[in-house]
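This report walks through one protein model. Look over the sequence and the fold first, then read on.

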Amino acid sequence: MLPTPSTSHVDVNLVYEPAEDSFLFLDTLSSVAESSFLKDRFGYDPQRRKRDVQSPSPLIVEVGVGSGVILGFLTAHARQILGRNDVLSVGVDVSRPACQASTDTVHVACQAASNGSPESGWFFTSLIADLTSVIRQGTVDVLICNPPYVPTAEVPHTLDIRTQTAKISNNGEEQSPIAEEANLISLSYAGGTDGMEVTNRLLEQLPTALDSKRGVAYILLCNQNRPDEVVQRIRQWGADWTVHVVGRSGKHGGWEKLQILRICRGG
């Protein structure tokens, strides 16, 4: 079992604390089935036990990087999961505290995993941005997203990405520091109608964000997101698109039963 990155430095008052959904991602990405899929997709030769030198270095992007535990895990264990360590990873989040925390998490995870051997990939940075807005189209090889999926009356206002100051509240007054903290945390879980408002926006961006040949996305949903309808919608994108459920949790039911979809062209 591959070690989970430490997030002891993360301020859980400002950044989403790793929970069942986070750990489901770690289990799914490191499973034999999914690791085999990724190694095959990104040019790992099992007989020669080395990567295909003609295969470009993969770009991994986590949208809504939060604490960085998922991106840190995948980057630190790149050789074991993707069969190669010449990967570049980038985090994206609307929250400055999340970007700062995730940067620390990934750096610490890579240092711990390498321990003198080249097991880890290369982490670039975490960018303060909305979804894939700062990523060049058609360049993402692996996109990961544990979105805000809890159904809520509305999606909270985002912070001003340039200044990271809270927007004025509805009554015209500035939000208090406590309100700002609550807003930062709610951005990580509040998904609006059916818990799908943020995820729907991301799904719309996938066809242009992913590399046209080998790009693959992993997106988490809960039962109230109506995952069967999401799957049917993706299948309507065209015959070259495939979608599979590759991770599940909550076998005893409950409204927050989780699943991870793998979305890609081919495969």
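A salt bridge here is a side-chain nitrogen of Lys or Arg within 4 Å of a carboxyl oxygen of Asp or Glu. By this rule the protein has six salt bridges. The model is a predicted one.

## Overall architecture

The chain folds into eight helices and nine strands. It has 267 residues, and 49% of them are buried. Among contacts with a separation of 6 or more, 81% join residues 24 or more positions apart.

The exposed surface comes to about 13100 Å². Carbon and sulfur atoms supply 50% of that area.

## Salt bridges across the chain

Take E119 and R79: their side chains meet in a salt bridge, 3.9 Å from N to O. E119 sits in the loop between α5 and β5 (122–128), and R79 sits in helix α4 (residues 78–82), so the pair ties together parts that are 40 residues apart in sequence. How accessible is E119, buried or exposed? E119 is buried, at a relative accessible area of 19%. The cut-off for buried is under 20%. R79 is partly exposed, at 33%.

R201 forms a salt bridge with D130, and the closest N and O atoms are 2.3 Å apart. R201 belongs to helix α7 and D130 to the loop between β5 and β6, so this bridge ties together parts 71 residues apart in sequence. R201 is partly exposed, with a relative accessible area of 34%. D130 also counts as partly exposed. Its relative accessibility is 25%.

R214 pairs with D141 in a salt bridge, with the closest N and O atoms 2.9 Å apart. This pair links distant parts of the chain. R214 is in the loop between α7 and β7, D141 is in the loop between β5 and β6, and 73 residues separate them. R214 counts as buried at 12% relative accessibility. D141 is buried too, with a relative accessible area of 4%.

## Helix α7 and its cover

Helix α7 spans residues 197–209, 13 residues in total. From first C-alpha to last it reaches 18 Å, close to the 18 Å expected at 1.5 Å a residue.

Which residues of α7 are buried? They are V198, T199, L202, L203, L206 and A209. Their cover includes two elements given as β6 (142–145) and β7 (216–222). It also includes α8 (227–235) and β9 (258–265). R201 lies in this helix as well, but R201 is partly exposed.

## Loops and backbone geometry

L131 is not a glycine, yet it has a positive phi of about 50 degrees. It is placed in the loop between β5 and β6. L131 counts as buried, at 7% relative accessibility. D130, the partner of R201 in a salt bridge, lies in the loop between β5 and β6.

R226 is another residue other than glycine with a positive phi, near 55 degrees. It lies in the loop between β7 and α8. R226 is partly exposed, with a relative accessible area of 44%.

S95 occupies the loop between β4 (88–93) and α5 (96–114). S95 is buried, at a relative accessible area of 4%. A polar atom of its side chain lies 3.2 Å from the backbone nitrogen of A98.

## The segment before α1

T4 is found in the segment before α1 (20–29). What does T4 contact, leaving aside its neighbours within four places in sequence? The partners are F23, L26 and V69.

I70 is 66 residues from T4 along the chain, but their C-alpha atoms are separated by 8.7 Å. T4 is partly exposed, with a relative accessible area of 46%.

## A nonpolar surface patch

L88, W122 and F124 make a nonpolar surface patch of about 390 Å². L88 lies in strand β4. L88 is partly exposed, at a relative accessible area of 36%.

How values were computed
Residues are numbered from 1 along each chain as its sequence is written. This is a predicted model: local features need pLDDT of at least 70, side-chain atom pairs count only at pLDDT 80 or more; totals for chains, interfaces and linings use all residues. Side-chain values use heavy atoms; hydrogens and water are left out. Helices (H or I, at least four residues) and strands (E, at least two) are DSSP runs, numbered from the N terminus. Buried means under 20% relative accessible area, exposed over 50%, partly exposed in between (1.4 Å probe, protein chains only). Contact means heavy atoms within 4.5 Å. Accessible areas come from the Shrake-Rupley method with a 1.4 Å probe; for residues, only the protein chains shown count as cover. A polar contact is a pair of N or O atoms within 3.5 Å; within protein, one must be able to donate a hydrogen and the other to accept it, and residues adjacent in sequence count only if both atoms are side-chain atoms. Patches are made of residues with over 30% relative accessible area and no salt bridge: like charges are joined within 9 Å, nonpolar side chains (Val, Leu, Ile, Met, Phe, Trp, Tyr) within 5 Å. The expected span of a helix is 1.5 Å times one less than its number of residues.
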